[in-house]
Amino acid sequence: MLQPSRRDALKLLGGGAAALVMMPSMSGAKEGAGTSFKLVAQPVQHKLHPAPDAQESTLWSYNGQVTAPTLRIKQGERVTIEFTNALPEPTSIHWHGLRIANEMDGVSGLTQDPVPPGGRFTYEFVAPDAGTYWYHAHHKSWEQVARGLYGGLIVEPADGSILPEAQDHLLIIDDWRLDGEGKFDAASLGAPMDWSHGGRMGNWLTVNGQSLPTISLPKNAPTRLRLVNASNSRILDIDPARFGGKILAFDGQALPDAPMELGYTPLLLGPAQRVDLLVEPEEDFVLEELSQQPFAFCSFEVRNPAQEVAAFTVPKPNKLPLPAKDDRFKFDLRMTGGAMGQLDNIYYQGEKLDRGGFQRTKQFWAFNNVANLAEEPLFSVKRGQTVELNVSNITAFMHAMHVHGHHFLIEDRDGGGVEQSPLWRDTFLVGAEQSTRIAFVADNPGKWLFHCHMLEHAASGMNAWFEVTD
């Protein structure tokens with residue numbers, strides 16, 4: 001990852017105090033018993049790198065904000081989002097992690113037609129689970145998410161147990177690939193090297209669209225930090241123990257024994273994954289990415305509170321259906337392909353790919369030897385059936401696997417159990433040459449996507465679907 005040089009850092013430090021960053025949010029307009037929002041996907045000019053001579057980038061966002069406004073909704077409340085596409089190409093919006101009706105899931109080509117330029121679409125749903133979620137483009141995601149089409153979504157618990165704004169911060173972390181002028185490198189989008197290797201990696205990190213922000217926190221006050229990894233492919237290495245952070249929730253789902261110390265290091269936060277942390281800071285601290293040398297990409301300025309702080313209420317776990325122990329539909333999924341992997345016996349649209357076929361189609365990955373969205377589902381089950389999915393990663397890379405429409409339990413990794421139990425997720429990491437077993441109750445009817453959230457991997461083959469019937 002490109003880091004600022006010592007000279008750049010001194011320039012930044014010598015330029016006065018960093019701006020205090022607040023995440024823009026939208027609480028929505030009330031319409032009867034529900035809440036409504038308006039979102040417009042549109043181009044926007046935004047400076048990503050803090051160097052004085054860095055150029056502005058042409059990005060895509062919602063409502064002209066980088067990062068897009070955070071939508072705050074109530075658990076169990078009906079939500080309406082009037083969406084307008086002011087981009088030069090079609091798009092759609094996926095509400096990542098929400099267990100909502102299939103026709104509102106926002107997957108272009110599976111649950112809806114993409115919204116054309118100048119077109120409109122109304123999303124309407126009820127969010128059943130409190131927690132931290134996000135929304136992002138789901139048409140050519142490898143390009144549109146990379147350009148900035150995403151925002152945060154917080155579902156507040158029905159009992160109203162939330163912290164005030166000063167003690168509750170959403171941090172959407174993204175890595176951007178910048179060129180020599182500090183601009184978004186659009187020319188490298190779709191590079192075959194990214195698609196066949198680890199995905200598109202950026203060389204600069206932002207939080208809520210800002211470089212090296214400083215966020216003000218009240219001293220000794222219980223504060224919730226909601227971390228979202230919006231990167232196309234980068235896995236973030238973070239150690240909450242460095243600043244006394246304790247785990248409240250993964251992927252929006254509160255832990256039954258929260259707040260909990262992690263017990264191992266580092267915490268790997270894969271693309272699309274979220275983690276909620278509780279901190280009670282006594283002094284200034286930083287959030288660091290640790291995969292190479294520690295890089296402090298977000299600072300926290302701890303000051304005596306200006307007003308009385310609110311008490312913290314431990315979030316209650318959502319009521320998710322527990323998988324049956326016995327009567328299960330079991331499905332084995334084998335992941336192959338990629339550079340340094342098994343690039344053989346891969347079929348795409350009925351064609352067995354050879355060397356020329358891989359280069360022509362850019363389909364480098366497969367589930368059970370099939371690349372990308374097949375006409376037939378991986379499997380079809382009746383509503384209420386427990387599904388046990390056994391995933392074997394026979395590749396040289398780690399993958400972040402996302403199940404749409406459901407949360408699942410991670411039950412086992414390589415026969416050694418899991419680090420927490422129960423561990424609910426909507427996206428799980430599976431390491432190279434590793435196997436992972438998940439289970440969930442297929443209680444949401446419709447056609448649901450299952451794909452790698454390294455977005456280049458999904459575009460180049462790791463993209464499939466399953467069906468839940470009434």
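This is a predicted model: local features need pLDDT of at least 70, side-chain atom pairs count only at pLDDT 80 or more; totals for chains, interfaces and linings use all residues.

A residue counts as buried when its relative accessible area is under 20%. Keep that cut-off handy and select Cys298: its relative accessibility is 0%, so it is buried. Now try Cys452, which also counts as buried because its relative accessibility is 0%.

The chain has a mean pLDDT of 92, with 93% of its residues at 70 or more. Then select residues 2–21, where pLDDT stays under 50. The model gives this stretch 19 contacts beyond four places in sequence.

Next stop: a sheet. Pick out β13, β21 and β20, which make an open, three-stranded sheet in that order, with mixed pairing. At the edges sit β13 (214–218) and β20 (285–289), each pairing on one side only. On average, neighbouring strands here are turned by 25° against each other, direction ignored. Zoom in on β13 and β21 (residues 295–303): they run parallel, and five bridges join them. Show Ile215 and you'll find it opposite Phe300 in β21.

Last, go to Asp251, in the loop between β16 (246–250) and β17 (253–254). Is Asp251 buried or exposed? Buried, because its relative accessible area is 0%. Which residues is Asp251 in contact with, leaving aside its neighbours within four places in sequence? Select Thr132, Tyr133, Gln273, Arg274, His407, Arg425, Asp426 and Thr427 to see them.

Notes:
Residues are numbered from 1 along each chain as its sequence is written. Side-chain values use heavy atoms; hydrogens and water are left out. Buried means under 20% relative accessible area, exposed over 50%, partly exposed in between (1.4 Å probe, protein chains only). Helices (H or I, at least four residues) and strands (E, at least two) are DSSP runs, numbered from the N terminus. Contact means heavy atoms within 4.5 Å. pLDDT is the predictor's confidence in each residue, from 0 to 100. Two strands pair if DSSP finds at least two bridges between them. Axes are lines fitted to C-alpha atoms, for helices over the stretch in contact, and angles run from 0 to 180 degrees between N-to-C directions.
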